[in-house]
Amino acid sequence: MTQTVKDKDVVGGATAPKHKPLNTPKGWSINHKGMDKADMLRSILYNLEYNISKDRLSNTPYDLFLSLSYAVRERIIERWISTSQTYKSNNVKRTYYLSMEFLMGRLLGDSLMNLQMTDASAEAVRELGLDLEELIDQENDAGLGNGGLGRLAACYLDSMATLGLPSMGYGIRYDFGIFNQKIVNGFQHEVPEQWLQLRNPWEIERPEYKVVVKFYGHTMQYTDKNGRQCNNWVDTENVVAMPYDIPVPGFGVNNVNTLRLWSARSADEFNLQYFNSGDYIGACHDKFTSENISKILYPNDNNVSGKELRLKQQFFFSSASLQDIIRRYLQTNKDFKSFADKVAIQLNDTHPSIAIAELMRLFIDEHGLMWDEAWEIVQKTFAYTNHTLMPEALEKWSVGLMQHLLPRHMEIIYEINAGFLRQVSYKFPGDIDRLRRMSLIEEGDDKQVRMAYLAIVASHSINGVSALHSELLRSGLVRDFYEMWPERFNNKTNGVTQRRWLYKANPALRNLITSKIGGGWVTDLYELKKLEKLASDKSFRKEWAEAKLAAKKAFVDKIYKWEGIKIDPNMMFDVQVKRMHEYKRQLLNVLHCIALYNRIKSGDTKNFVPRTVMFAGKAAPGYYMAKLIIKFINNVSGIINNDPATKGLLSVHFLPNYRVSLAEYVIPAADLSEQISTAGTEASGTGNMKFALNGALTIGTMDGANVEMHEEIGDDNIFIFGLRTNEVESLHRNGYNPWDFYNNSPKLKQVIDLISSGYFSPEDTAMFNPIYDSLLRNGDRFLVMADFDAYVKCQDDVANCYRNQDEWIKKSILNVANMGKFSSDRAISEYAKDIWNIKAMDVKLDI
C-alpha cells in the first residue's frame, strides 16, 4: 500500500539534529515493503508522526526507538501473514513448543539482522542525526525467563523460523519478568522488571482468539443419550486467557513464525453490585485475583498460596494453548483421526506437563472421544524434554492441592496411573517395589503427583539435552522407565543460535570470519571448520587478536556506561556468568580468587598473569545460600580491588542484573569461560557453547555438554579438571569427608581460614559462617573442597598458556572452528526429523 505524507521536520527534541533532516518535495510516497535506506527513512518519519503522534519538539529517544521498530514490523507483517496462509493452505503438520520461559531479550537488533536490513536502517537513522546502537539500547529486555531454559527456547524459535519449520511457541505474557537485580551494600535486592511499562512495539493483541480457563469447582457424572458415562466439570472459577502474538522472523527467509503469550484477565472484571453497595475493593476482587496468574515469573513457592499460584500458571497457559491448538486444527480437519499427524507438542521441561491431563479432558469431556482413542492420540502427540539431573527439581504437586484446584484432572491422572501400573505389572510381574517407584503418585502423609513421570508415561519421546545427561537419565534418575520403554529415550544435545551469539553480538569477529571463509556459517555452522587451516597463519592470528580486543573494548565501554565499572581491557577476562546456584560452583571460583590474592600478598608475583575475574547472575529470591554467595563475592571484590598490592594484577567484579543484553557484550569479550559445575549435575549448559563460539577457552569439569565440546574441540584446546561423574558417585558412596581435603591442602586451608576469621566481613565476622559450615560441617554436597586443588592446578595451566599469546589465539581459533555441532539449527533439525516428523515449508511473497 502506498500513502502520501507531507514533508515535515518531525524529528527533534533532545536527540534531534539542528538541521532539517530531509530535503524532499512536499509530498512523497511511503513504501511499507521497501528495504533500502530511503524507504526506511520515510517509514520511520511516518510512524513517528502518525503512529506515535509526535513532532520535532515533543519526541523522546524511546519514541524514536518505537518509530524504527514499527517501520521494521511493517516489513515483517507481510511475511508473517504469508507464512500463516502458507501453513494453513497446505494443512502442514506443526510443532507447538510449550515453555514457561522465553528469554527473548531485545528484539529490534534481532529483527533487523534476520531481515538483513541492519545497514540500511543504520544509514537511515544516521540521516536523522541518530545512532542505531543508541536506539537499540532504548529497548527493555523481555526477561520472560530465568536462565538457560528460557534462552534455549528463544534460540529454538529462531532456528525453527530460519529452517522454515511450521511451528509456534506458547508461553505466558508476564507483567513482570525476571526481577531486576540491584546490588546494595553487596546484597542482592530484587526490584520489579517492568518490560511492559512503555509501549511494546512487537506484540499484537488477538482478542478474537481469547479462551476461558477453568479452576476449582467439582465434577459430576451423568449418562448421555447413548448410555455413555460422562463427566462434567462444574461450578468453576473462570479466567480469560488473552493472546498476544510476537513475530519470530527467520534469517534470510520469508518465514515468520509466532510466539503466542497468554495474559490472564478476569471473566467478570467489575462487580457493579458490590460497587454500588460501597465495597469498591470487592467490586474489583475477581480482576485482581485473576490477573495475578500472569503477574510475575515464578512467584515464591515457599508457601501454600505460592505453590497454588505456580500450579495455576502452569495450567493456565497449558489449557489456553491446547484450546488454541484444537481450534486451529479443526479449521482444516473435520475429526481427530489425523490430530497426531498434524500436531506435535513439545514439553520444555515438566512445567507444562499438566497439559497431558488437560488434553485428555478436552478430548473426552468436550469433544466426546473415548478414553482409549484419546490416550492413543495423546501419546503420539506429546514429546518431553528433561532438563535436570537434580531429583528435587523433578516437579511434584500435592494431591490435595490438585484435587482442590483441578479436580477433574486429578481423576484423569488417577486413571492414567491405574492403566500404566497394569502395564508395569504385566512386564515385571510380582515386582511390587518397582510399582511403588514408578507410580505417578508418591505415597506418604502428603501424597504427591510426580509430574515428570506423567510426562514420560504420556510421551512417545523423552530426550535429555547432552550425551552425558541422557545417559545419566537412562542409568539413574528414570532408569525404571528406560527399562520399560527403551525405544522412547533419545538424546538431543542443546545448541545456540550463531546469529544472535556471534553474527550480531560480535561484529568484529563476524566480519573477520566472513572475510576469510564467506557467510555460509550463518546458516550452517559446520562451515566454521574452514577456519582450522587458518589457525597456523600468523597474520590471521594477529587479526583474530585484534578482533578479540575490539570485543573487550566494546564491553568495557558498555559496562562503564551502564554500571560505572572501570575494567582494564588488557587484562585476562576470566568470566563466570550464569544463574546463581551451589551446583554451578561460583563458590569454587571465588575461593580461587582468594588463593590468587594470598599469592600476591605473599609477594609471589613473578610471571603472574594480570586477571579480571567477573561474576554475574541472579539468585532466586528465596535461595538464601545463593544470595549469601553474591554478598561473599562482593565482599571479596571489595577487599581485593581496594588493596594497592593487587593493582594491575587482579580485580574481581560482580556485574549487576545479568540479562541477555549484558550477555551479548560480556560473552564476546571473555578470554576464559568458567564451566565448573560438579560432574553429573549440569544437564547441558549453553553458556559454555556461546563462550567457545566467540573464541573463549573453557576451563571446566566433564559435565553436561562440556564432554561433547571436549570431543569436538580436542583435549589440547580446553582445560579440563576435577572428578568425573563415576568418581563423584564413588566418593559420596564411600563417605566423603571434606576435612580430609582441608587438612591435606595448605592453599585450601589458608583460604578457608581467612574466611572463618572474618577477614572478608570485618563488620560482622560471623556473616559467612554458613558458607564455612556448608563446606566443612554440612557435607560439602557439591564437592568444592574435593576439586579445589585440581582447579587451582588447572588455573595455573591456563595462566601459563595465556602468557604465550600466539598459542592462546591459535587455540581460540580452533575452538570457534570446531563449534559446528553446537548450533541450535542442528538440534532443531534433529527434533524435526527424529521426534516431530515435520518438514520445512518455503514461504513465497506476492510481488
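Predicted model: local features only at pLDDT ≥ 70, side-chain atom pairs only at ≥ 80, totals over all residues.
1. Tyr736, by contrast, is buried, with a relative accessible area of 13%; the cut-off for buried is under 20%. The ring centres of Tyr736 and Phe741 lie 5.7 Å apart with their planes at 55°, so this pair is tilted.

2. How many aromatic pairs are there? The count comes to 32. One of them joins Trp233 and Phe315, an edge-to-face pair with 6.4 Å from centre to centre and 65° between the planes. Trp233 belongs to strand β12 (residues 229-234) and Phe315 to helix α10 (residues 304-330), so the pair ties together parts that are 82 residues apart in sequence. Both Trp233 and Phe315 are buried.

3. Do look at the cluster that ring pairs make of Tyr597, Phe632, Tyr759, Phe760 and Phe768.

4. Helix α24 (residues 624-641) and helix α31 (residues 769-777) have axes that come within 10 Å and cross at roughly 115°. The crossing of α24 past α31 is left-handed.

5. Finally, which charges lie over rings? Among them are Lys312, over the face of Phe215 at 5.6 Å from the ring centre, and Arg488, whose charged end sits over the ring of Trp485, 3.7 Å from its centre.

Definitions and conventions
Residues numbered from 1 in each chain as written. Heavy atoms only, no water. Axes fitted to C-alpha atoms, helices over the stretch in contact; angles between N-to-C directions. Helix = DSSP H or I, 4+ residues; strand = E, 2+ residues; numbered from the N terminus. Left-handed = near helix turned anticlockwise from the far one by under 90°. Phe/Tyr/Trp six-rings, centres within 6.5 Å; stacked < 30°, edge-to-face > 60°. Buried < 20%, exposed > 50% of the residue type's maximum accessible area, 1.4 Å probe, protein only. Lys NZ or Arg CZ within 6 Å of the ring centre and 35° of its normal.
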